[in-house]
Number of protein chains: 2
Amino acid sequence: MSLEKFFNPESVAIVGASQTKGKVGYEILTNMVKAGFKGEIFPVNHKAKTIENLTCYPNLEAIGQTPDLVIIIIPAKFVASIMQECVKLGVKSVIIITAGFKEIGKEGQKLEQQITQIAKHGGIRVIGPNCLGVIAPSSNLNASFAGDLPKKGTIGYLSQSGALLAALLDIANAHGIGFSKLVSIGNKADIDELDLIEAFGKDPDTKVIAGYLENITDGNSFVEEAEKISHSKPIILIKSGSTAAGAKAASSHTGSLAGAETAYEAVFERSGVIRCNSIREQFDYAQAFANQPLPAGNSVVVITNAGGPGIMAADAIEKEGLTFAKLTNETRKKLADGLPPAANIHNPIDVLGDALADKYEFALDVALDDPNVDAVLVLLTPQAMTEAVGTAEAMAKILSKKSQKPVFASFIGANQVADAIDVLRSSGIPQYDSPESAVKTIRTMVDYVKWRGRPKRVIKLFPVNRRKVETIVERHLRNNIREVGETESKEILGAYGFIRPEGSVVSTAEQAANVAQQLGFPVVMKIWSPDILHKSDVGGVKVGLKNAQDVMDAFDLMMYRIPKKMPEADILGVLVQEMCRKGKEVILGMHRDPHFGPLMMFGMGGTMVEVLKDVSFYPAPLTAEEARQMLVNTKTYKILQGVRGEKGVDIDAIAEGLQRLSQLVTEFPQIQELDINPYVIGPKGTAAIAVDARMSVEKV
Amino acid sequence: MSLEKFFNPESVAIVGASQTKGKVGYEILTNMVKAGFKGEIFPVNHKAKTIENLTCYPNLEAIGQTPDLVIIIIPAKFVASIMQECVKLGVKSVIIITAGFKEIGKEGQKLEQQITQIAKHGGIRVIGPNCLGVIAPSSNLNASFAGDLPKKGTIGYLSQSGALLAALLDIANAHGIGFSKLVSIGNKADIDELDLIEAFGKDPDTKVIAGYLENITDGNSFVEEAEKISHSKPIILIKSGSTAAGAKAASSHTGSLAGAETAYEAVFERSGVIRCNSIREQFDYAQAFANQPLPAGNSVVVITNAGGPGIMAADAIEKEGLTFAKLTNETRKKLADGLPPAANIHNPIDVLGDALADKYEFALDVALDDPNVDAVLVLLTPQAMTEAVGTAEAMAKILSKKSQKPVFASFIGANQVADAIDVLRSSGIPQYDSPESAVKTIRTMVDYVKWRGRPKRVIKLFPVNRRKVETIVERHLRNNIREVGETESKEILGAYGFIRPEGSVVSTAEQAANVAQQLGFPVVMKIWSPDILHKSDVGGVKVGLKNAQDVMDAFDLMMYRIPKKMPEADILGVLVQEMCRKGKEVILGMHRDPHFGPLMMFGMGGTMVEVLKDVSFYPAPLTAEEARQMLVNTKTYKILQGVRGEKGVDIDAIAEGLQRLSQLVTEFPQIQELDINPYVIGPKGTAAIAVDARMSVEKV
C-alpha cells in the first residue's frame, strides 16, 4: 500500500489538538498552519469550539468526511479507541505522536500490540507511536513538532530518534539544506525503515535517502531492498548502537571474530548503503549526492589561492586513496596563458593569494575541460584581495554551462566567507569547512560509483550430495546434538566437493603406529573428543611425526596428559592423519547473524587468525567476484599471491571453497556456525585440503 | 635572546606604511591603530606627511629614537638597505612582511641570505619574510594583515601558511576563541617554529601551543625541546605535506617500511606533540586544553536529554578505547531521588526530553561527585521544553564550584542552541558539534595525561666492544664501501652483545658437505655475494637441509641458477650455517631519518614483514620502557606472548636487543640503515639469535 497520503493528504485531522501553547497538540496544529498546508485541517477536541480560527470537532465522526490522514496526540490509554473510530470511518493513514508504548516496558508494549492489531485488521498504516511526526515540504505539510518547515529539496530523511531529527532540522534550516520528506519513525509499530526506504525509492522528489537508525527490523528484506534501491538512489545512514548478536557468546573462530558491528558492515557493503558516523558527515555526503553528478573516476584536481590548504587537500587525496589528477599539456598551457607567471599550473592549481573571482572562474573552466579530471575541489582562504562572493558566483556560472563533473568547495573561514557560502549552497555547490571533509566526500562518491558498476551478481551452483548432508544434520537435530564432530563435519564438506586428508581414529598406540605406516610418514595426530573444541589448547595436536616410535610416544602422552587437564572430557581416541603437503593455511568460516543470516568469513589460518584479525566478512550467498573480493580485502591476500621469490597459491581454489561453503550454508539454514581451519592451499592447479573443520547445527 | 619585544613593544615603526586603502602598508597600520596599541606608532614613508593622523617619517633615523619593533613592508629589493639602517640604529626586532624571497626561487633566495647575514651580524631577530605578521591581544598589538584583533586567550599559535592563519582568525573571531599570541612565520629566515614554541613555552599568558607546519627546520632540537615543553603545555600541531625522506629510495626493510610520515609520527609520539588533521580538530582540542582541567583517568559519563545522541556518544567512547564510567550505588540513588522515574540513572544519564535546566544542573552536580567519573560529557538536543541557555548557565554555575574534572558539551543544533553555545564558550566549557568530536577530544586529553605520566627516561648503556666496530666501519668508509656484508654486520652485532649462528662460507659442494657435518644437521645455506641483498628473491636461501647429499645439491643448484638470474653479481660462495633452534622470527631495524636521526623499528620477521606491515617505529636512543612499548604497539606482540597453548617467547630479550641496537646506532652515526632479519627468539631464558643482518654506512 502506498504511503502517499502521509506526505500529500488533502485533509488532516488532529486528534488532541490543543489551544494551550507549549502543548504538543498546539505545536503540531500551529506548525500545520504556519507551513501553509493547502488542504483542510480538522482539529479534534471536545473541549474547544475553535483553535487558531479553525473549527474544532468533538470527535472524528463529527467531521462528516473521512480525513486522508489522522494525527493522534492524546494519552496512550485512549489511542486504541480512536484507532477503532478510524477503522469505522475508513481512515487509511495514521500518525501516532503519543509516547508511553513499547519504550516504557511491558504495559506499554501491550497497548502497542493492541493498536497494531486494530491497524492490521482495519487496513490502516501507522507511523509511530512515540514519534515527532512527518514533514513534506513539497506539499507544505508539517505534521510534526520537530521544528519549522525546511526548504524543498531532494533528501528524504527517516529517523529513529525524534530528538536527533529536531536537532538536524535546526541545523538544516540554518544552512538552507532542503528535504523532500522527513519522517520520525518512533517505535515502528507498523511502518518501519524499510517501508520508508521503499517509499523514498519510488518518490520522484527524492534523490538521496538518508536516515538515523538504531536497529533494523527485518535484516534479510532490508539487504535485498536496499541493494535494489541503492542502484538508483544512494542510501546514507547513521547506524548507532551494538547488535544483540555481539553479546551472544560465540564458540567458533568466525563467531568470535565477528564483532557486534560486523554484520552491519558486511550487509551495508553488499547493499551499497553508505554509512556515516555523525550528522556532519551525513550532511557532507548528502549535499554532494543531492546536487552534484557522480564522478566518472577518482582523479581529483585542486584549485586554491594558498599553498597550505592545497597541501592539506593533497595529503587527504593520498590518504583516501584517490588519484591526484595529472593535467594534460594542453590544460597546463591554457593555465599558463591565463594565470600570472608565479601561479602553479600543476595540480594543485594555485591561482595565488591576490586572485580575483575571474582567475578562479578561468581555472575552473579550464580544469573541467581536462579529460584527466574527474572531480574538482575549489579551495578559498579569505585574503586581502579575495572576492569570496564573486568567486562563488563565478563557480555557479561555470557549472550552469558545464555540469558533467562534480565540483566541491571548501571556503575556509567564518564571517568573511559566510555570504559566499550562502551563494554556494543556493547554487547546489557542496561546501565543506575543511579540505579533508570535501576529499572524504569525493572518496565516498567514488566508492559508490564503483559499487554501482560491480558485475551483475550470479551465484554459481555446484553439483553436490545434498542428501548426505541432510542425513547427518537430521540425525544431530533428532538427538539434540548441537556440535557436529570433526569426522562428520568433514563428511558434510566432502559432500559439497571439499577434499579432506586421509586418516583414521585409533584407540591404542600400536594401532596409531600401524595407521601411520599405511599413510606414510610424516603424520599428524589429533585428540578425538566431542568435548574438546580447541585441541591445540590442551596439547591435543602433534604434527610432523616421522616414525612409529614418535607416533606411539605422542599417543601415550596425549592419553596421559589430556584427561588431567580436562577430566570431564569424553576421549574417543586419537586421529592419525596424513601430513598435508606444504601450503598456506587459511580459514574459511560462516557465522549466522540473527538479523542478517549467514555471514561468510575469510582470513589467515592457524592460530594467527585470532591474533592478527586479518579477516573479511560478506553475506552469503556469494558470487565468484564477491568471494574473490573477500580475499582481496585482507592483507593475507598479498601473502597468498607469493612474497619475495615464493610462488603464489591457487587463489581461485580458495574463492571456490568460499562459494561452495556459501552454497552449503544457504541450502542448510540449520548450520549455525562453521569453520574450516586450516584450509591448506598449494600452488595453482593443486587441490586445496580442508584439514580441520567444525560446525554446529540448530533446529530452524 | 628573548622575543619579548615582538609581542610587547613600546614603540613600533612601520616601514612602508601607506595611505592607500587595500595596500598591505595601509592595512597593517590601521590594524595597529584599530587594535588600540598603547605604545608609539611611527609610520615610515618619505612621500607622506601623516597617515591616519600619525606623523610620518621619511626614514627610520628621522624618528629620533630606536623603535622596539620594526615592521618592513617595502619591496624585496629594498629590504636589505632598511636592515642596514636597523643595525645602525640598534633595532633588535624586525618583522619582514614583504614577499619575493626564497619562495620565488634562486634570486629571492640570494636576497634572503643577504638579509639573514645582516641580521646575524647586527644582532637582530627577524620574523618572516613572506609572512602576515604578529598579533598579541594582551598588549593590543595587531602588527599583521591577518584580520581583526582576536579576544585575549591562552592559545599561542604559529603558522607556516599565512592564508590559513587568516582563515583561522576569521573562524576564531566568529566563535569568540581567544589567543595569547599569533605568529605567521613565513619563510623562517631567522626565527622558526622552535624559537616560537620555546617562547610560548616560557610565556605566562600561553597555556596551549598550537600551530600549522609544513616542515621542521631542526628535527633533533625540535624533539628535545618539544619533549620538555609538552610536559607543562600541550603542543597541538597540524603537520601537512610529505617529508623528503619518503622520496629517498630505501634499500633496507626498515627503510622501505618507514613511510614519508613515519618519522614525524614517531618523534611526535616521543615528544608528546598532539597531531591533528584539520583546523576543526585543532580547535576541538585546543579549546579543551585551554579551558578544562586534565582528566585523572579515562572513565566518561554522559548526560543527555535524548536516547539517540546518548547511544552515539556511547559508540564513540567504545571506539576510542575509553571507559564508560560505572556510577556508584550512591550516585545512582541520588539520581533516582532527583530525577523523574522514567529517567535513566545509569550511564548515559538520561534526564528525559522534557528536562529543564535544573535537571541538567542536578545531574551534572551529582555526576561530578562520583569517584568513578573522570570526565563528563553533556549532550543537549533542543526539544519543546528544553532550556538551552539556562542549561549552559547552570553548567557554568556548577563548574564555578567544582572545577577538578573536565566537562564537555555537545549542544546539537543551530539557531535553537546558538545563544547557549555563546554562554558555554564564554564560560570556558568546550562545545562540540557532535558527540564524536567531544569524545575524540577526551581521548586526546587522556592520551596526553598518559604521556606526561610515563616513567622518567633512563637510557641503559651496555658494555660493548666499540673499538671493533670502529675498525670495521672505518675500513668501509676508507674504501668507499657503503654496504656492510652479512659476516661483518654480524661481527659488529657480536661486538654489541648479539649472539650469531655458527657457520662458514664455502666455495665447493664438498666443502659445504664437510662444514655441514661439523655443524650437525639440519643446516641452512645462503648465497654469499655483496651484490645480492634479497637472497630469497633469487633462490639464494635453502633451509632445513638434512644430509650431505641435500647440501651438495643445494650448492650446485645455487651456483647454476643464480648467475643466470644476476649475471653481474660477484658470487663469493655459499654460507653454510647451523639451523637455528625453533623460535619466533622478528625483525629489529634502524633507518636514519635526514631530519630526526635514527628511527628504530620492530616488527614481525621473515618475509611477512613487508606484507603485513605490522611494525612500530621510535626514535633512538631507547629506554627499556620505550623498547617494550615498541613491541606492545604491534599485533605481533600477542603472538610473542604465546597463543592458544603455545609458550610465549622472551619478550625482554627482544627489548634488550632493541636497546643494544639503539646504543650501536647512537654511538655510530655512520650507520645509515640496519636490519636484523630474522632475529630468532625462544622461550624465556633462552638466548635470542641474530640470524641474518645487513647494514650500510656513510661518512658523517
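Guide: A residue counts as buried if 20 or more other C-beta atoms lie within 10 Å of its own, as exposed if 12 or fewer do, and as partly exposed in between, with C-beta atoms placed from the backbone. This is a predicted model, in which local features need pLDDT of at least 70 and side-chain atom pairs count only at pLDDT 80 or more, while totals for chains, interfaces and linings use all residues. Residues are numbered from 1 along each chain as its sequence is written, and chains are lettered from A and ligands numbered from 1 in the order in which they are written.

Visitor: OK. How much of chain A is buried?

Guide: 54% of the 700 residues of chain A count as buried.

Visitor: And how many helices and strands in chain A?

Guide: Chain A has 25 helices and 30 strands. Helices (H or I, at least four residues) and strands (E, at least two) are DSSP runs, numbered from the N terminus. The C-alpha trace of chain A spans about 100 × 80 × 40 Å along its principal axes.

Visitor: Let's take H2(A). Which of its residues are buried?

Guide: Val24(A), Gly25(A), Tyr26(A), Glu27(A), Ile28(A), Leu29(A), Asn31(A) and Met32(A). That is 8 of the 11 residues of H2 (residues 24-34) of chain A, so the helix is largely enclosed by the rest of the structure.

Visitor: What covers them?

Guide: The cover includes strands E1 (11-15), E2 (40-44), E3 (50-51), E5 (69-72), E8 (133-136) and E9 (141-144) of chain A. After H2(A) comes Gly36(A), with a positive phi near 80°.

Visitor: Switching to the dimer. What rotation superposes chain A on chain B?

Guide: A rotation of 180°, with 0.0 Å of shift along its axis and an RMSD of 0.1 Å. That is the relation of a two-fold axis. Copies are superposed by least squares on the C-alpha atoms of residues with pLDDT of at least 70 in both.

Visitor: Which residue of chain A comes closest to the axis?

Guide: Leu612(A), whose C-alpha is 4.7 Å from the rotation axis. The same surface serves both copies, as 100% of the contact residues of chain A recur in chain B.

Visitor: How many residues are in contact?

Guide: 60 residues of chain A are in contact with 60 residues of chain B. Two residues are in contact if their C-beta atoms, placed from the backbone, lie within 7 Å.

Visitor: Which helix gives the most to that side of chain A?

Guide: H5(A), with 7 residues. Among the other helices of chain A that each supply at least two residues are H2, H22 (608-612) and H24 (636-641).

Visitor: How do the residues on that side divide?

Guide: Into 26 nonpolar, 21 polar and 13 charged. Ala, Val, Leu, Ile, Met, Phe, Trp, Tyr, Cys and Pro count as nonpolar, Asp, Glu, Lys and Arg as charged, and the others, Gly among them, as polar.

Visitor: New topic: E25(A). Which strand do 7 bridges join to it?

Guide: E28 (residues 671-681) of chain A, and the two run antiparallel. Val586(A) stands opposite Tyr679(A) there. E25(A) also pairs with E26 (residues 597-604) of chain A, in the antiparallel sense over 8 bridges; two strands pair if DSSP finds at least two bridges between them.

Visitor: How many residues sit between E25(A) and E26(A)?

Guide: 3, and the two strands form a hairpin. Arg592(A) has Pro598(A) in E26(A) as its bridge partner. E25 (residues 584-593) of chain A is mostly covered, with 9 of its 10 residues buried.

Visitor: In chain B, what about E27(B): which way do its residues point?

Guide: Val615(B), Phe617(B) and Pro619(B) point one way and Ser616(B) and Tyr618(B) the other way, and all are buried. With 5 of the 5 residues of E27 (residues 615-619) of chain B buried, the strand is largely enclosed by the rest of the structure. E27(B) pairs with E26 (residues 597-604) of chain B in the antiparallel sense over 5 bridges, and Met601(B) stands opposite Phe617(B).

Visitor: Last one. Which residues have the most contacts inside the largest nonpolar core?

Guide: Ile71(A), Ile303(A), Ile71(B) and Ile303(B), in a core of 424 residues. A nonpolar core is a set of buried Ala, Val, Leu, Ile, Met, Phe, Trp, Tyr and Cys residues joined through C-beta atoms within 7 Å. Leaving aside neighbours within four places in sequence, the contacts of Ile303(A) include Pro348(A), Tyr360(A), Leu364(A) and Val378(A).
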